[in-house]
Amino acid sequence: MRSPITSEIDFEADGRQAGYLRLPHSVHRSAYGWIPMPLVQIKNGDGPTILLMAGNHGDEYEGQVAVTRLASGLEPAQVRGRVLLLPMANYPAARAGHRTSPIDGGNLNRSFPGDPAGSVTQIIAHYIETVLMKMADYAIDLHSGGSSLHYVPTVLFGDRDDKTEMEEVLRMMRAYAAPYALHFRRSSEIVSSAAARRQGTIAVTVEMGGSGTVTPSALEVTRQGIERVMAEFGILEGSPPDTAGETRILRLTGQDNYLYARHEGLFEPAAEIGEDVEKGQTAGWIHHPETPWDEADEVFFPMAGTLLCKRIPGRVERGDCLYQMGQDDAMV
Ligand SMILES: [Zn+2]
């Protein structure tokens, strides 16, 4: 079955094109309406295609800003090949500033490979995978910690069965040159990196900051990383920013990489992101201001590692993620 989404962009035409992906959406206030997903294409002759997508989660803003800046500023003469700029991948979520879609509750990055006959979010996932990813030789899916987490700038990359593809993924991760990289052995089948893997697209996911805001430092890492990746693969003319520092490559080993709240209350963290911690070290306390005579619950890190992200809102419920941590990766 074909996607119901149609494109105002002629993907084969050179130059700058800006328009909407139209997702038919018949609702009370608009019987024959469509959801307008903005897309900009900058194309200059033959060459590789890169897809730069942000707003997969609508409350993650660094990527949306970086992609929007490129959409208004990048000129065809600066490009060889094709750049696809999708700043609001899950448009309804991005417009609402929410992680998930207010239309169907869909989390786009848990919806791949999607379904052309499914809900709005499933239709978007299916289009991104089978049309945009399929066209793209390279892709970066730009995330951050959103409303509930804050990340040190980190590039996430997963294993590929194909050796050449894996080498290209590593090349992309190194070109992006974030301070941290996180190596996944297997990625879940429902995230965008799995969509890229199925389509043979060389891709990384990046986590740049968070807290439901935009910080200049995280945005600068984002901007430079995108430019370096485009230059590395011959898509961007001119020399890329050369301020890249060392990337510390970490990996996840199991459930203990995540520290979760086991009580409801008010979380007082004891460590900052980027910090190296020991197994058993105090991670913080969950206080109970409703019953302030009760002692706080002390929480401990379940393993030694480096803290990549932490929870932002102070109130926590049982099952909320407080920290994610990685261990140094000897495999890469
Ligand atoms: Zn995200």
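Predicted model: local features only at pLDDT ≥ 70, side-chain atom pairs only at ≥ 80, totals over all residues.

Me: With which residue does Glu167 meet in a salt bridge?

Reply: The general idea is that side chains of opposite charge can pair when their charged atoms come close. Here the side chain of Glu167 meets that of Lys163, at 3.2 Å from N to O. Both residues belong to helix H4 (residues 163-176) and are four residues apart, about one turn of the helix. Lys163, at 63% relative accessibility, counts as exposed.

Me: Is Arg160, by contrast, buried or exposed?

Reply: Arg160 has 9%, so Arg160 is buried. Arg160 forms a salt bridge with Glu165, and their closest N and O atoms are 2.9 Å apart. Glu165 is partly exposed, with a relative accessible area of 22%.

Me: What distance separates the closest N and O atoms of Asp320 and Arg311?

Reply: The distance is 3.7 Å, and the two form a salt bridge. The cut-off here is a side-chain nitrogen of Lys or Arg within 4 Å of a carboxyl oxygen of Asp or Glu. Arg311 counts as buried, at 14% relative accessibility, while Asp320 is partly exposed at 22%.

Me: How many salt bridges does the structure hold, and which residues are linked in a network?

Reply: There are 20 salt bridges in the structure. A network of them links Glu129, Glu189, Arg197 and Arg198.

Me: Now the metal. Which protein atoms are donors of the zinc ion?

Reply: To read a metal site, list the donors and then look at the angles. The zinc ion has ND1 of His57, ND1 of His143 and two OE atoms of Glu60 as its protein donors, at 2.0 to 2.4 Å. The angles among these four donor atoms run from 57 to 148°, and the site is irregular. Four donors count as tetrahedral if all angles lie between 85 and 135 degrees.

Me: Where do the donors of the zinc ion sit along the chain?

Reply: Their spacing is H-x2-E-x82-H. His57 is in the loop between strand E4 (49-54) and helix H1 (61-73), and His143 is in strand E6 (residues 138-143), so the pair ties together parts 86 residues apart in sequence.

Me: Are His57 and His143 buried or exposed?

Reply: Both His57 and His143 are buried.

Technical notes:
Residues numbered from 1 in each chain as written. Heavy atoms only, no water. Donors = N, O, S within 2.8 Å, 3.2 Å for Na, K, Ca; no water. Tetrahedral: all angles 85-135°; square planar, octahedral: opposite > 155°, others 65-115°. Helix = DSSP H or I, 4+ residues; strand = E, 2+ residues; numbered from the N terminus. Buried < 20%, exposed > 50% of the residue type's maximum accessible area, 1.4 Å probe, protein only.
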